[in-house]
Amino acid sequence: EVKIKQIDEKKISQYIIKYTMEDWMNIVDSDVVIVGAGPSGMTAGYYLAKAGKRVVVFERRLSFGGGIGGGAMNFHKVVIESPAEEILKEIGVRMTEVESGVFIVDTAEFMAKLGAAAVDAGVKILHGVTVDDVIFREDPLRVAGVAVEWTSTQMSGLHVDPLFVSAKAVLDATGHDAEIISVASRKLPELNVQIPGEKSAYSEIAEELVVVNSGKVAEGLYSSGMATAEVRGLPRMGPIFGAMLLSGRKVAEDILRDIR
Ligand code: 48F
């Protein structure tokens with residue numbers, strides 16, 4: 001027989017509200033805001049939190065993994081190329097080496113273990129939150145945080161003002177649309193950020209280009225993963241994920257150097 005502890009509705013609400021608000025009091029003053037819980041954003045969060053930074057990831061959807069889950073045409077395997085397997089080994093993802101330096105992984109395991117590694121390292125991941133703008137400061141001109149809104153409120157079309165979250169660095173890990181850098185470039189022309197847009201596929205060269213070009217876009221504003229391809233005019237590469245992981249690690253190193 002199972003005896004389940006009884007708890008009334010009022011207490012359920014009180015506990016949830018109290019502990020949610022306690023978290024939010026810290027979140028609004030973060031070291032790093034990462035937008036997007038895809039592979040590059042979660043990898044960046046993992047390394048930044050491991051280095052002791054206070055990191056929050058805002059994810060529009062109610063799931064982890066961004067484009068990992070869809071694999072290619074919904075097939076549940078993706079390809080990882082060396083040296084990105086180092087990162088997956090570190091977090092315990094099982095891989096099959098199909099040729100020297102080329103690995104195949106299960107999408108569900110990849111998403112679950114990357115999400116768990118980020119959370120265990122100390123990253124706060126908040127689902128159902130959309131970032132729709134940045135905060136800026138002058139002298140020196142810089143991005144100093146973001147504006148956040150519930151995804152459900154945004155979808156309703158109601159006009160509801162956002163809340164603001166301050167950060168020393170904001171990482172656009174929103175994937176193909178580079179949503180945060182796009183809005184910053186449109187609303188803050190003085191940042192001088194032009195967006196040429198992603199090119200068609202050229203997998204062999206695209207991966208390295210994404211890693212090398214991930215990093216600072218303007219003071220306080222960074223890109224990783226496919227947002228980098230959009231902002232730097234680089235080719236796409238399809239369902240290979242080495243560069244997503246390596247660009248997340250690279251941008252984490254850059255941010256750590258800049259905000260130290
Ligand atoms: O697209 P996504 O997986 O970004 P990524 O890290 O990885 C790209 C690959 O998945 C794939 C590829 C690999 O070679 O080409 O596409 O660059 O994850 C981006 C996440 O950001 C969320 C979105 O729901 C997704 O989970 N997102 C996008 N815009 C916003 C956002 C926003 N404005 N606010 C909050 N979350």
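**Salt bridges, ligand site and packing**

By the distance rule used here, the count comes to 18 salt bridges. A salt bridge is a side-chain nitrogen of Lys or Arg within 4 Å of a carboxyl oxygen of Asp or Glu. The model is predicted: local features need pLDDT of at least 70, side-chain atom pairs count only at pLDDT 80 or more, and totals for chains, interfaces and linings use all residues. Residues are numbered from 1 along each chain as its sequence is written, and side-chain values use heavy atoms, with hydrogens and water left out.

One of the salt bridges joins R54 and D31, at 2.9 Å from N to O. R54 lies in the loop between helix 2 and strand 2 (55-59), and D31 in the loop between helix 1 and strand 1, so the pair ties together parts that are 23 residues apart in sequence. Helices (H or I, at least four residues) and strands (E, at least two) are DSSP runs, numbered from the N terminus. R54 is partly exposed at 41% relative accessibility. D31 is buried at 5%. Buried means under 20% relative accessible area, exposed over 50%, and partly exposed in between (1.4 Å probe, protein chains only).

R94 and E109 form another salt bridge, with their closest N and O atoms 3.1 Å apart. R94 lies in the loop between helix 3 (85-90) and strand 4 (96-99), and E109 in helix 4 (residues 107-121), so the pair ties together parts that are 15 residues apart in sequence. R94 is exposed at 62% relative accessibility. E109 is buried at 13%.

A further salt bridge links K250 to D254, with the closest N and O atoms 2.8 Å apart. K250 and D254 are four residues apart in helix 9, and are therefore separated by about one helical turn. K250 is partly exposed at 24% relative accessibility, whereas D254 is buried at 11%. Salt bridges that share partners join D31, R54 and K168 into one network.

The ligand is surrounded by 26 residues, each with a heavy atom within 4 Å of the molecule. The closest are S40, E59, G67, M226 and G238. Polar contacts are pairs of N or O atoms within 3.5 Å; within protein, one must be able to donate a hydrogen and the other to accept it, and residues adjacent in sequence count only if both atoms are side-chain atoms. An N or O atom in the side chain of S40 is 2.8 Å from a ligand oxygen. A polar side-chain atom of R61 is 3.2 Å from an oxygen atom of the ligand. For G238, a backbone N or O atom lies 2.8 Å from a ligand oxygen. The ligand taken alone exposes 730 Å², of which the protein buries 93%. Accessible areas come from the Shrake-Rupley method with a 1.4 Å probe; for residues, only the protein chains shown count as cover.

M244 belongs to helix 9 (residues 242-259). M244 is buried, at 6% relative accessibility. Leaving out residues up to four places away in sequence, M244 touches P39, S40, E207, V210, G225, M226 and M237. Contact means heavy atoms within 4.5 Å. T43, in helix 2 (residues 39-50), is buried with a relative accessible area of 0%. Beyond its neighbours within four places in sequence, T43 contacts I87, L114, L245, G248 and R249.

In helix 6 (residues 179-187), the buried residues are I180, I181, V183, A184 and S185.
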